[in-house]
Amino acid sequence: MSSIISVSNLSKSYGSGFKALKGIDLDIKRGEIFGLLGPNGAGKTTLISIICGIVNPSQGSVSIGGHDIIRDYRAARSMIGLVPQELHTDAFESVWATVSFSRGLFGKPKNPAHIEKVLKDLSLWDKKDSKIITLSGGMKRRVMIAKALSHEPQILFLDEPTAGVDVELRKGMWEVVRTLQASGVTIILTTHYIEEAEEMADRIGVINKGEIILIEDKATLMQKLGKKHLTLQLQNKLDAIPETLAVYNLELSADGRAVTYDYDTKGDRTGITSLLSDLRNAGVRISDLDTKQSSLEDIFVSLVRVP
Amino acid sequence: MNYRAIQAIYLFEMARTWRTLLQSIVSPVVSTSLYFVVFGAAIGSRITEVEGVSYGTFIVPGLVMLSVLTQSIANASFGIYFPKFAGTIYEILSAPISYLEIVIGYVGAAATKSIILGLIILATAGLFVPLHINHPIWMLTFLVLTAVTFSLFGFIIGIWADGFEKLQMIPMLVVTPLTFLGGSFYSVNMLPQGWRTITLFNPVVYLISGFRWSFFEIADVSVAVSLGMTIGFLVICMAIVAWIFRTGYRLKN
């Protein structure tokens, strides 16, 4: 797949001297859902704001579908729909008016059929004549998505789209995002919910303190994460792992009262059954057991933890 | 040119005008009528004439200018300040539109509104005093130039302001005094020599003088100077707006 967004050596320093981004290099592939993860203040929003033309970069360049965001801003920006993190909406406009306004702003001719479809897809159709101020937070969020989709963008930025949205609605939004991807839209999603990135993204990038510290296919990442750990509490203290169990690469805890076995849930055989019978044969008696899976969250936390 | 974007911004801003009709149109008309009652009827009955024109009629151009100036600034500054305040500016900045188009949309709408208002006030004045406009084309030219210039000025204030207080500060502390001291209610020639010289540093004098000339062919300064000063101020405002967008001042940093 070719890249639709190409960010190279992008830096941003604010007047206060704060460096929000430090030499970011990033390529987003056409048609993918890219999950951008990072703690608060990592630079996610600054990165998106620069790509979308809201903030001036200090250094480096960004091109969208081959168009430089500064020199060829019209072509570049025409391709992008942005849903910012904060609920920035007009208060007294109707849903229909504000979504139509967005389409006009992007230079597209009127197309009531398209606006109608967007509003219906986002379950906003019955609210089309309501003033935005009367809507709930979740509806306002969807209005912002509708505004971003009003001009038929090829790229959609969703900055924390499901923050403060209830579970039901969140699932609904994921559906919308999947449908968009199926229609060929490239989606960049920032989120705090690891679950969301796991569920949605094709690739995952982690940003921390203005630097990209990891970019990986979700499948590869999940394979790494696919490992599970089985911890067996022993009735009697062991000094060493019996010879007969060497094949399992067991790890004995410091106090000799527990062993840990790593296995791959995606493998054909986990080896748990034979381990348990071999333990029994070796005369090791078990008092309790516990399994644990490392999640994206663990990886994420270990990556961004302050040393 | 992204004409659809200009149209979208312009219509959005005009929709705001119609939505706030009472505040946008009715209140300036009411306050202008009050000026007529106070200055025209009460005080004017003792002044009778200024340079051959009855006092009530004499103050009409000044009153129209007073409203056009303050309303242009108020409309344009609020028009751009509010999206900044509410955060909806993100959409304007991320849209494929040039700075020129943004300015045409916002300033065009603000100027349109104050021109309409100026004409309404003029019509209202016609109910109180006899009016004759000697040079209607020049009258409209001065009206449009002033509305556009001060809408640009208001746009600058709206971008500069980072709070509602600052938004009010310049109109309250600078523009209103300059307008009152700029010959809205008197001819500069009525002042003692020293004050007259000082007054000539007030740009509003030139606007009102030129505008009044288009009505009665009487002026404090020559029409060419009035026109020159008005255009000069327009150019200064345009230069500042251009600088704001080039540097991203208060918008993109």
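In chain A of this predicted model, strand S12 and strand S13 (residues 258–264) run antiparallel to each other and pair over two bridges.

- S12(A) and S13(A) belong to an open sheet of four strands, in the order S12-S13-S11-S14, with antiparallel pairing.
- Strand S12 (251–252) and strand S14 (286–293) of chain A each have a single partner strand, so they stand at the edges, and one side of each has no neighbour in the sheet.
- Helix H9 (residues 272–281) of chain A packs on this sheet, where it touches strand S11 (227–234), S13 and S14 of chain A.
- The direction of H9(A) makes about 20° with that of S11(A).

**Two helices side by side**
- Also in chain A, helix H5 (residues 137–149) packs with helix H6 (residues 167–182) at an angle of about 10°, and their axes are 12 Å apart.
- Angles under 35 degrees count as roughly parallel, and H5(A) and H6(A) are therefore roughly parallel to each other.
- On the H5(A) side, the contact is made by Gly138(A), Arg141(A), Arg142(A), Ile145(A) and Leu149(A), while H6(A) brings Leu169(A), Met173(A) and Leu180(A).
- Sorted by class, this contact has five nonpolar, one polar and two charged residues.

**The largest cavity**
- The whole structure holds five cavities of 30 Å³ or more, and the largest cavity has about 60 Å³ of space.
- The lining of the largest cavity has ten nonpolar residues, one polar residue and no charged ones.

**The largest pocket**
- With a volume of about 990 Å³, the largest pocket is lined by 41 residues, and the closest to its centre are Arg16(B), Gln23(B), Ala74(B), Asn75(B) and Phe78(B).
- Helix H3 (95–105) of chain A supplies at least two residues of the lining, as does each of several chain B helices, including helix H1 (3–19) and helix H2 (21–47).
- H3(B) gives the most to the pocket lining, with eleven residues.
- By class, the pocket lining divides into 18 nonpolar, 15 polar and eight charged residues.

Methods:
Residues are numbered from 1 along each chain as its sequence is written. Chains are lettered from A and ligands numbered from 1 in the order in which they are written. This is a predicted model: local features need pLDDT of at least 70, side-chain atom pairs count only at pLDDT 80 or more; totals for chains, interfaces and linings use all residues. Side-chain values use heavy atoms; hydrogens and water are left out. Axes are lines fitted to C-alpha atoms, for helices over the stretch in contact, and angles run from 0 to 180 degrees between N-to-C directions. Angles under 35 degrees count as roughly parallel, over 145 as roughly antiparallel, 65 to 115 as roughly perpendicular and the rest as oblique. Contact means heavy atoms within 4.5 Å. Ala, Val, Leu, Ile, Met, Phe, Trp, Tyr, Cys and Pro count as nonpolar, Asp, Glu, Lys and Arg as charged, and the others, Gly among them, as polar. On a 1 Å grid over the protein atoms alone, a cavity is a set of points where a 1.4 Å probe fits but cannot get out, and a pocket is an open set with protein on both sides within 12 Å along at least five of seven lines; lining residues have an atom within 4 Å of a point. Grid points are joined across faces, edges and corners, and a volume is the space filled by probe spheres set on the points. Two strands pair if DSSP finds at least two bridges between them.
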